[in-house]
Amino acid sequence: MTAATERLVDFVGADDCFDIAPADLLPLQLQAANERLQSQIGEIGLLANRAESANVTEIKRPADLVPLLFAHTTYKTYAEGWLNDQRWDRMGKWLATVSTRPVEGLDTDGVKSLDDWIKQLETVGHYLSCSSGTTGKPAMLSCTEGDIELSAKVNIEALLWATGLRRGEDRKFLGLGPQFAAPREDAIRQAMVDAFSTRYEPYQFGDGEPITVGSMVDIITLRRKLADGTARPSEISEFERIATQRAADMDSSAKKAIDAVIEARSLPLLATGMFATLYQIAEGIREKGHGGNDFQPNNAMMVAGGLKGAVLPPNYREYVLETFNVAEERLYHMYSMREINATFPLCHAGRYHISPWVIMLPLDTDGEQLLDAGTDEIEARAAFFDTSIEGRWGGVISGDRINVSFAKCACGHQGPTVGRDITRYSDLPGGDKITCAGSIDAYVRGVA
């Protein structure tokens with residue numbers, strides 16, 4: 001970790017972590033970004049290509065970062081055929097173009113699946129943080145041990161800041177929803193357990209097995225083959241078997257979760273999940289005759305992500321909080337993405353606060369120009385540079401349309417902040433079109 005980055009990461013858990021004037025912080029952020037550029041340009045092939053194309057050799061101002069940012073699709077630029085055909089050599093070459101560590105000395109003789117490959121990568125220092133692959137291809141982002149450790153710490157500190165909870169509180173920690181098996185997620189869960197002196201109880205599939213990246217990709221691949229008519233009879237049969245089993249397991253796990261929450265109603269709770277799952281469980285709790293008055297008044301909740309396509313009533317948020325007896329000030333709702341080592345907590349004024357080691361870069365719709373927010377709130381495409389990341393380049397152009405402000409927040413803390421309403425460009429007419437995405441894809445495919 002570079003000297004300037006160390007100073008920025010020292011803000012993790014500090015009382016003033018989310019209360020520093022952007023203008024005061026910017027010189028240190030730019031110094032850290034430049035240190036990262038100088039140390040990683042010789043390690044990440046794509047970064048070197050972007051820097052050469054834009055003739056950028058030094059970071060002196062935020063605009064210098066813009067041509068060096070990677071589109072969020074960068075970490076899906078491997079050819080799908082390499083994955084389906086188990087071309088682990090090609091997948092390794094691809095990963096090396098977007099990571100700081102080489103993929104050398106990897107024994108793939110016994111690798112029979114994506115999950116096997118991901119596990120084997122850990123032996124050469126690549127800890128992959130993967131998306132669920134709900135669009136067909138999972139994003140694969142290499143992390144170092146330090147990235148994973150910091151991510152877990154950041155999640156805990158942001159939760160404490162947002163809710164006022166304290167370490168060592170003896171809470172019942174309930175994971176209400178699918179458990180995703182990956183080093184980053186495992187580290188965050190363990191950090192929660194360590195912070196609140198209680199055991200973690202996931203209520204997930206009937207057999208208790210967590211979801212893996214490989215299992216998600218397999219079912220998505222089968223679903224796509226069904227849609228385009230290329231599925232073989234054996235694959236159709238397998239899809240139907242898995243779909244039936246998963247539906248039964250999810251129904252069973254939901255019932256177990258409902259009973260577990262009711263059974264623990266006399267204890268202070270820390271419940272985690274996504275609103276779609278939490279709403280289903282809240283309905284089940286009320287159907288069994290229980291409600292907010294049955295639960296402890298100091299319960300807390302951690303919620304990540306949006307609705308993921310689920311259709312819920314307009315009052316779903318209030319319904320869930322009332323059922324679990326969680327006050328707004330003890331709800332930890334964050335905005336984040338896998339491409340960065342930060343979670344931005346929601347304050348009581350309804351705005352997400354950006355971590356000081358992350359440079360907020362509001363861009364135009366195409367992701368080409370940096371917008372000047374001044375002291376006003378502006379609509380922009382969200383882009384960030386996370387100075388803390390070791391395993392890959394920290395600059396990313398997201399697929400999110402946001403409202404950003406660098407002015408002091410109504411909660412009393414200083415910016416930058418992002419408004420609660422966030423829209424995916426892919427859900428808007430015209431879709432998600434980032435100008436640099438095509439050239440990035442062409443370079444990575446050509447090298448890998």
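## Serine 99

Serine 99 sits in the loop that runs between H5 and helix H6 (114-121). In this predicted model, serine 99 has a relative accessible area of 1%, so the residue is buried, the cut-off being under 20%. A polar atom of the serine 99 side chain lies 2.7 Å from the backbone oxygen of leucine 95.

Which residues are in contact with serine 99, leaving aside its neighbours within four places in sequence? They are Glu43, Ile44, His126, Ser142 and Gly391.

## Serine 355

Another serine, serine 355, belongs to the loop between strand S10 (351-353) and strand S11 (358-360). Serine 355 counts as buried, because its relative accessibility is 1% and the cut-off is under 20%.

Residues up to four places away in sequence set aside, serine 355 touches Phe18, Ala342, Thr343 and Phe344. Serine 355 and aspartate 19 are 336 residues apart in sequence, and their C-alpha atoms are 9.6 Å apart in space.

## Threonine 123

Is threonine 123 buried or exposed? At 55% relative accessibility, threonine 123 counts as exposed, because the value is over 50%. The residue is placed in the loop between H6 and strand S2 (127-130).

The side chain of threonine 123 reaches the backbone oxygen of glutamine 120, at a distance of 2.5 Å. From C-alpha to C-alpha, threonine 123 and leucine 106 are 7.6 Å apart in space, while 17 residues separate them in sequence.

## Asparagine 298

Asparagine 298 is in the loop between helix H11 (275-287) and strand S7 (300-304). Its relative accessible area of 31% makes asparagine 298 partly exposed.

Neighbours within four places in sequence left aside, asparagine 298 is in contact with Arg171, Pro268 and Arg330. The C-alpha atoms of asparagine 298 and valine 326 are separated by 6.8 Å, and the two residues are 28 residues apart along the chain.

## Histidine 333

Histidine 333 is found in strand S8. With a relative accessible area of 9%, histidine 333 is buried, because buried means under 20%.

With which side chain does the side chain of histidine 333 make a polar contact? The partner is the side chain of arginine 317, at 3.5 Å.

## Backbone angles and a cis bond

Most residues other than glycine have a negative phi, and most peptide bonds are trans. Some places in this chain can be set against that background.

Glutamine 86 is not a glycine, yet it has a positive phi of about 55°. Glutamine 86 lies in the loop between helix H4 (80-84) and helix H5 (88-97). This glutamine is partly exposed, with a relative accessible area of 37%. Asparagine 325 is also a residue other than glycine, and its phi is positive, near 55°. Asparagine 325 is in the loop between helix H12 (316-324) and strand S8 (331-336). Its relative accessible area is 26%, and asparagine 325 is therefore partly exposed, between the limits of 20% and 50%.

Which peptide bond is cis, with omega near 5°? It is the bond from glycine 415 to proline 416. Proline 416 has its place in the loop between strand S13 (395-405) and strand S14 (417-419).

## The chain as a whole

The protein chain has 13 helices and 15 strands. Along its principal axes, the C-alpha trace spans about 65 × 60 × 40 Å. For 448 residues, a compact globule would have a radius of gyration near 22 Å, and the protein chain agrees because its own value is 22 Å. Buried residues make up 53% of the 448 residues.

How do contacts relate to distance along the sequence? Among contacts between residues at least 6 apart in sequence, 72% join residues at least 24 apart.

The accessible surface comes to about 19,300 Å², and carbon and sulfur atoms account for 48% of it. The protein chain has 45 positive and 63 negative charges, and the mean positions of the two groups are 3 Å apart.

Notes. Residues are numbered from 1 along each chain as its sequence is written. This is a predicted model: local features need pLDDT of at least 70, side-chain atom pairs count only at pLDDT 80 or more; totals for chains, interfaces and linings use all residues. Side-chain values use heavy atoms; hydrogens and water are left out. Helices (H or I, at least four residues) and strands (E, at least two) are DSSP runs, numbered from the N terminus. Buried means under 20% relative accessible area, exposed over 50%, partly exposed in between (1.4 Å probe, protein chains only). A polar contact is a pair of N or O atoms within 3.5 Å; within protein, one must be able to donate a hydrogen and the other to accept it, and residues adjacent in sequence count only if both atoms are side-chain atoms. The radius of gyration is taken over C-alpha atoms; the globule rule is 2.2 Å times the number of residues to the power 0.38. Contact means heavy atoms within 4.5 Å. Accessible areas come from the Shrake-Rupley method with a 1.4 Å probe; for residues, only the protein chains shown count as cover. Lys and Arg count as positive and Asp and Glu as negative; His and the chain ends are not counted. The place of a charge is taken as NZ of Lys, CZ of Arg, CG of Asp or CD of Glu.
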